[in-house]
Amino acid sequence: MDSYDVIAPATGAVLTTVPMNGVEETDAAIAAAERAFPGWRAVAPGDRARLLRRFAAVVDAHLEELAQLEVRNSGHTIGNARWEAGNVRDVLDYYAGAPERLSGRQIPVAGGLDVTFHEPLGVVGIIVPWNFPMPIAGWGFAPALAAGNTVVLKPAELTPLTAVRLAELALEAGLPEGVFTVLPGRGDVVGQRFVTHPGVRKVCFTGSTAVGKSIMAGCAERVKRVTLELGGKSANIVFADADLEKAAAAAPGGVFDNAGQDCCARSRLLVQDSVYDKFLELLEPAVKAFRVEDPALETAQMGPLISAAQRSRVESYTSAADVAFAGSAPDGDGWWFPPTVLLARDTADRHWREEVFGPVVSVLRFRDEAEAVALANDTEYGLSGSIWTRDVGRALRVSRGVDSGNLSVNSHSSVRYWTPFGGMKQSGLGRELGPDAVLGFTDVKNVFISTEE
Ligand code: NAP
Ligand code: MG
């Protein structure tokens with residue numbers, strides 16, 4: 001089998017090599033997952049739950065190792081990477097509660113008994129991007145396994161290391177062979193095979209909107225189930241009545257976390273006219289204080305971008321734009337880029353419209369609530385967003401008015417494993433996490449049993 005180099009984004013050096021799976025290896029892994037399925041779905045609910053809890057415990061025992069691996073492979077700050085490994089553990093624990101609770105219904109009918117079952121689908125294919133390798137993998141595989149499916153997972157080419165390790169830990173926890181397989185390789189080879197292979201019954205994809213559309217089209221061929229978590233261009237709306245100090249202090253974290261390589265990044269900053277100048281004055285020191293440094297340092301708030309290509313892409317947005325101010329970043333080796341604040345001339349600016357996926361925020365002013373909502377909705381995306389105001393009625397009106405799957409008021413938090421997450425419009429299809437995610441890995445079966453003599 002071929003192999004390829006994995007690069008450390010903080011230095012540009014080769015970290016290790018991993019196998020490059022091709023179609024043949026993918027087909028073999030899918031066949032193994034198909035063989036493992038009948039046994040896995042037949043594991044008693046309490047036993048499947050216990051195995052998932054044990055998997056969570058093994059992840060917990062290796063939390064620091066996984067976090068350090070992510071720092072090296074993805075350039076995530078050590079603080080973030082620990083949260084990410086902990087998130088895999090928590091998501092496994094949470095969905096370990098699902099097998100014994102996957103109840104159907106009993107529906108009143110004449111002449112018999114009618115019951116529904118939530119049947120697992122079979123083999124589920126999960127395609128993961130490079131920006132959050134561990135959490136996004138876990139949001140797919142944990143509920144899929146809990147519902148009784150077997151899983152094949154393709155990590156991003158750039159960031160396969162933690163996923164490969166998680167598959168080893170699953171075996172260590174006692175999951176049977178073939179239940180959870182990780183296949184590093186190319187998206188257009190391994191990922192594409194998940195789409196075309198008749199044995200894969202659902203594809204969970206997270207990544208770019210362009211690839212997501214092609215996956216949805218490919219899945220249509222076999223009416224294959226599909227979940228899409230795609231791009232975003234989320235608004236951070238600051239009203240004049242907000243706690244401006246707090247909003248300004250929080251704004252950098254809301255967009256520069258993970259070097260802005262976050263589909264939930266609040267990359268469009270909308271500030272009400274009357275406080276626009278004051279807000280930018282408060283924002284400048286917060287941006288300049290944002291610590292961009294070696295991600296292994298405990299003090300780091302931001303590390304490098306994932307690749308040289310991603311850095312050129314980000315640069316293409318800032319080079320011709322009107323820069324208000326920027327923070328600093330190390331120079332030398334690695335794919336570093338400073339946190340940057342751009343002034344949008346109007347809504348036609350490319351950096352205002354397109355997902356940059358880097359530490360770049362665009363600022364625009366608005367007059368009133370109606371204009372803020374209209375500007376926030378003037379995008380094909382609808383993933384997340386924030387609203388800063390002290391007026392409860394306004395907070396609720398704007399939350400209902402913005403077409404986005406995940407909003408936060410006076411906060412930038414988007415993700416809790418026990419609340420649903422996903423996008424409206426071209427940001428995605430379906431929801432992950434929360435109490436209902438397991439149902440997305442099942443089909444409802446209705447059975448009528450006659451009681452007639
Ligand atoms: P991408 O190309 O959509 O990649 C996401 C995943 O899909 C990777 O595992 C990729 O494999 C795989 N893939 C690529 N082409 C495929 C195909 N034809 N069939 C099946 N799978 C395929 O995204 P990217 O290139 O990493 O990033 C590009 C842009 O997408 C970013 O700049 C950002 O705007 C957006 N993005 C969004 C998210 C999000 O969370 N919503 C995450 C990442 C990126 P390879 O690793 O081999 O390419
Ligand atoms: Mg790509």
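A: Buried means under 20% relative accessible area, exposed over 50%, and partly exposed in between (1.4 Å probe, protein chains only). Phenylalanine 55, at 0% relative accessibility, therefore counts as buried. This is a predicted model, in which local features need pLDDT of at least 70, side-chain atom pairs count only at pLDDT 80 or more, and totals for chains, interfaces and linings use all residues. Residues are numbered from 1 along each chain as its sequence is written, chains are lettered from A and ligands numbered from 1 in the order in which they are written, and side-chain values use heavy atoms, with hydrogens and water left out.

Q: How many aromatic pairs does the structure hold?

A: A pair of aromatic rings is described by the distance of the centres and the angle of the planes. Rings of Phe, Tyr and Trp (its six-membered ring) pair if their centres lie within 6.5 Å; planes under 30 degrees apart count as stacked, over 60 as edge-to-face and the rest as tilted. The structure holds 10 such pairs. One of them is stacked: phenylalanine 55 and phenylalanine 141, at 5.8 Å centre to centre with 15 degrees between the planes. This pair links distant parts of the chain, since phenylalanine 55 is in helix 2 (residues 45–61) and phenylalanine 141 in helix 5 (residues 133–146), 86 residues apart. Helices (H or I, at least four residues) are DSSP runs, numbered from the N terminus. Phenylalanine 141 is also buried, because its relative accessible area is 0%.

Q: Why is the pair of tyrosine 417 and tryptophan 418 edge-to-face?

A: The ring centres of tyrosine 417 and tryptophan 418 are 4.7 Å apart and their planes stand at 70 degrees, so the pair is edge-to-face. Tyrosine 417 is partly exposed at 21%, and tryptophan 418 is partly exposed at 45%. Tyr94, Tyr95, Tyr417 and Trp418 form one aromatic cluster.

Q: Which residue lies over the face of tyrosine 317?

A: A charge sits over a ring if NZ of Lys or CZ of Arg is within 6 Å of the ring centre and within 35 degrees of the ring normal. Arginine 350 lies over the face of tyrosine 317, at 3.9 Å from the ring centre. Arginine 365 lies over tyrosine 276, also at 3.9 Å from the ring centre.

Q: Where does the kink in helix 1 lie?

A: The bend at a residue is the angle between axes fitted to the seven residues ending there and the seven starting there. In helix 1 a kink of about 40 degrees lies at alanine 36, shortly before proline 38. Alanine 36 is among the buried residues of helix 1, which include Phe37 and Trp40.

Methods
Helices (H or I, at least four residues) and strands (E, at least two) are DSSP runs, numbered from the N terminus.
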